[in-house]
Amino acid sequence: MASRQPAPTGSPVLHAVRLGLARGWAEFVQSLRSSQDQWFYLFTAFLAVGYLYLRRDTPVEGTDLMLPSVALPSILGGLVAFGLVIGPAYALAMEKEDGTLLRAKAVPHGLVGYFAGQLVLHSSSIVPQTVAVLVPSFLLFDGLMADPSGWFTVAWVLVLGLLATLPIGMMIGALVPGVQKVGMWGMLPVMLLAGISGIFYPITALWGWVQVVAQLFPMYWLGLGMRSAFLPESAAAIEIGGSWRTVETVAVLGAWAVASALVVPVLLRRMARRQSGSQVAAAREAATQWVK
Amino acid sequence: MRENEHSAPVVEVRDLRMRYGATDVLTGVDFTVGAGEVVCLLGPNGAGKTTTIEILEGFRQRSAGSVSVLGEDPSRATEGWRARTGVVLQSWRDHPRWTPRRLLDQMGGYYAPYGTAERPRPTPTEELLDVVGLTDLADQKISTFSGGQRRRLDVAMGIVGRPDLLFLDEPTAGFDPQARREFHHLVHRLADLEDTTILLTTHDLDEAEKLADRVLILAGGRIVADDTAERLALRAAIEVEVKWSRDGERFVHATQDATAFVHRLLDEHGAAVEDLEVRRASLEDAYLALVQRHESGQSDEAAQAFTEVI
C-alpha cells in the first residue's frame with residue numbers, strides 16, 4: 001500500500017491551494033466577461049454616482065465640503081461591505097445547492113481549492129466594483145481626494161475591510177438553508193446596517209443606542225476609514241469624537257477579521273461534512289417547484 | 001492492480017444499519033465487492049440504494065455496522081483514499097461559465113500528487129473528452145449543454161482521477177436509449193481497460209442485467225439476493241405458471257413440472273379447457289412483484305416473498 005500513498009503530507013495541500021488560486025482567477029475573468037456581472041457593477045455604480053450627482057451642490061454642515069466629497073468615500077465603503085457579504089453568501093448558498101461544493105468534496109483536497117478560489121474571486125471583485133464608482137466620480141466631481149497619500153489609506157482600509165467582511169458573507173452562505181433565504185438573512189441585515197452606519201447621512205444624527213449598534217459592525221468603520229483616506233483632516237470634526245479614530249478602526253476591523261478567521265473554517269467544515277448527493281437532489285427538486 | 005488487492009475485497013459491508021428518526025432504512029446490509037468487479041445495487045425507489053452508496057462514498061454517516069472501502073473506513077477516510085475513488089455526481093447547473101476542457105483540467109489537477117507509475121493521475125483531458133464524446137464541445141460554455149451532454153461531463157469528472165473504485169448512483173436516469181447504450185459501452189470499457197471496480201445503483205433490472213457481473217437486490221432494508229444475473233434468472237425460473245379457463249371461469253396454478261400438470265388437466269377435462277397458457281416465471285416477474293409490493297408500502301413482505309421465489 002505504502003507506495004501508492006502521496007509522499008509528503010504538506011505538498012498536496014499546497015498544490016490544492018495553487019489550483020484553487022487558479023480556479024478563483026478563472027472565475028474572476030469569467031465574471032468580468034459575463035454581461036450579468038458587468039450589469040451589476042454598472043448598475044450599482046450608476047445608482048451611487050447618480051445620487052452624488054443629484055446632490056452635487058449640497059454643502060455639508062460643519063465643513064466647507066460639498067456632499068459628493070463626503071458621501072463618495074462612505075458609499076464606497078458601504079458598497080465594498082455589501083459586495084463582500086452578499087457576493088460570497090449568494091455564491092456559497094447557490095453552490096451548496098447545485099453540487100459545486102459536492103464536486104469539490106469528491107476530489108482530494110478539493111475543498112481547500114474551492115475555498116481558496118472563493119477568496120480570490122470575491123477579493124478581486126472589489127476592483128471592478130470600486131473602479132466603476134471611482135472613474136465616473138473623478139470625472140464629474142472636484143476635490144474628492146484631499147491628499148494623494150490618502151490612496152495608501154484606501155488600500156489598507158480595503159484589505160482590512162475585506163478580511164473583516166468576506167468571512168461574514170461566507171458564514172451567512174454556510175448557515176442559510178437555501179438560496180431564497182439569503183435575502184432574509186443576508187440582504188436585509190446588510191441593508192439595515194447600511195441605513196445606520198453613516199453611509200448616506202452622518203451617524204451623529206441618529207439616537208445614541210443606534211450609534212452603538214452600528215459601531216459594533218464593520219460597515220461603519222469601513223466608511224469611516226474611507227472618509228479618513230479621502231477627506232482633509234479638518235473634516236474629522238463632524239465624526240464621533242471629532243476624530244478619524246484610526247486606532248479604533250484597525251481594532252474593530254481586525255477583531256472581526258481574527259474572530260471570523262477562527263469561526264469560519266469550523267462552520268465551513270461542518271457545512272461541507274453535511275454535503276451529499278441526495279441533499280443536492282433535494283435542493284434541485286425544491287428549486288424546480290419554487291420556479292413553478 | 002497489485003497482488004494483495006486481488007485477495008482483499010475492495011468493498012466490505014457488514015451489518016450496515018441506517019436509521020432516520022424513527023425510520024429504519026437499512027436493517028442489516030451485508031455484501032462484498034471484489035477487485036475489478038462491476039456490481040449493481042438494484043432495488044425499488046426508496047429502498048435505500050442511495051443511502052448505501054453515500055455511506056460508501058464517505059458522504060453520509062452510518063448508524064451502525066462496519067464498512068471498509070479500499071481498506072479504509074469511508075467516514076474517516078483520508079485524502080489519499082479520496083484520490084483512489086471516483087464519484088459520478090448528477091449536476092444540474094454548477095460551473096455554468098466553465099468549459100469542459102478548463103473544468104476537467106482544474107478538477108483533474110487535484111489528483112496529480114496521487115499518481116503512480118502504474119496508474120498515472122489524472123487522465124489527460126483530451127483523452128477523457130474523447131472517451132465521453134465531448135471533444136467537439138470542449139470549449140463551449142457548460143451552461144449551453146443539454147441534459148445528456150451534462151451527464152457525459154459528469155461521467156468524465158467522475159473518472160478524471162483514474163479511480164480504482166467508481167461509484168455511480170442511478171447513472172442513466174433521464175437518458176434516451178441511444179445515450180444509455182453509449183453509457184453501458186463506457187462502463188464496460190472502464191471495467192475492462194482501466195481495471196476499475198464499479199459499484200452502481202439502478203432501479204432498472206434490464207440495466208443491471210446488461211452491466212453487472214453481479215447483482216445485489218436491496219429491499220426491506222437488506223440484501224435479498226446476491227448473484228450473477230444469469231443465476232438469479234435461473235433460480236426465478238423454477239416455477240411455471242399455468243393459466244386456463246373452463247366454463248367461463250379463469251384458473252391459475254403454479255408448478256415446478258408444467259408438462260405433467262397440463263397432461264393431468266387435459267386428461268381430466270379435455271376440450272372444456274380453453275385459453276391454455278403456460279409461462280415460465282422470469283426474474284423480471286419476480287422483481288416487478290417486489291417493486292409493486294414495495295411501492296404499496298409492504299416492503300418487508302415484498303422482501304420476504306422475493307426471497308422465497310429466488
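A residue is called partly exposed when its relative accessible area falls between the limits for buried, under 20%, and exposed, over 50%. This structure is a predicted model. Across all chains, 30 salt bridges were counted.

One of these pairs links two chains. R97(B) forms a salt bridge with D37(A), and the closest N and O atoms are 2.9 Å apart. R97(B) sits in the loop between β5 (85–88) and α4 (100–109) of chain B, while D37(A) belongs to helix α2 (residues 35–54) of chain A, so the pair joins two chains. R97(B) has a relative accessibility of 24% and therefore counts as partly exposed. D37(A), at 18%, counts as buried because the limit for that class is under 20%.

Another salt bridge lies within chain B. D73(B) pairs with R62(B), with 3.0 Å between the closest N and O atoms. D73(B) is in the loop between β4 (64–69) and α3 (79–84) of chain B, and R62(B) is in the loop between α2 (49–57) and β4, so the contact ties together parts 11 residues apart in sequence. D73(B) is buried at 16% relative accessibility. R62(B), at 22%, is partly exposed.

A further pair is found in a helix. The side chains of R151(B) and D154(B) form a salt bridge at 3.4 Å, N to O. Both residues lie in helix α6 (residues 147–159) of chain B, three residues apart, or about one turn of the helix. R151(B) is buried, with a relative accessible area of 9%. D154(B) is also buried, at 0%. Through shared partners, salt bridges join R103(A), D94(B), R150(B), R151(B) and D154(B) into one network.

Conventions. Residues numbered from 1 in each chain as written. Chains lettered and ligands numbered in written order. Predicted model: local features only at pLDDT ≥ 70, side-chain atom pairs only at ≥ 80, totals over all residues. Heavy atoms only, no water. Salt bridge = Lys/Arg side-chain N within 4 Å of Asp/Glu carboxyl O. Helix = DSSP H or I, 4+ residues; strand = E, 2+ residues; numbered from the N terminus. Buried < 20%, exposed > 50% of the residue type's maximum accessible area, 1.4 Å probe, protein only.
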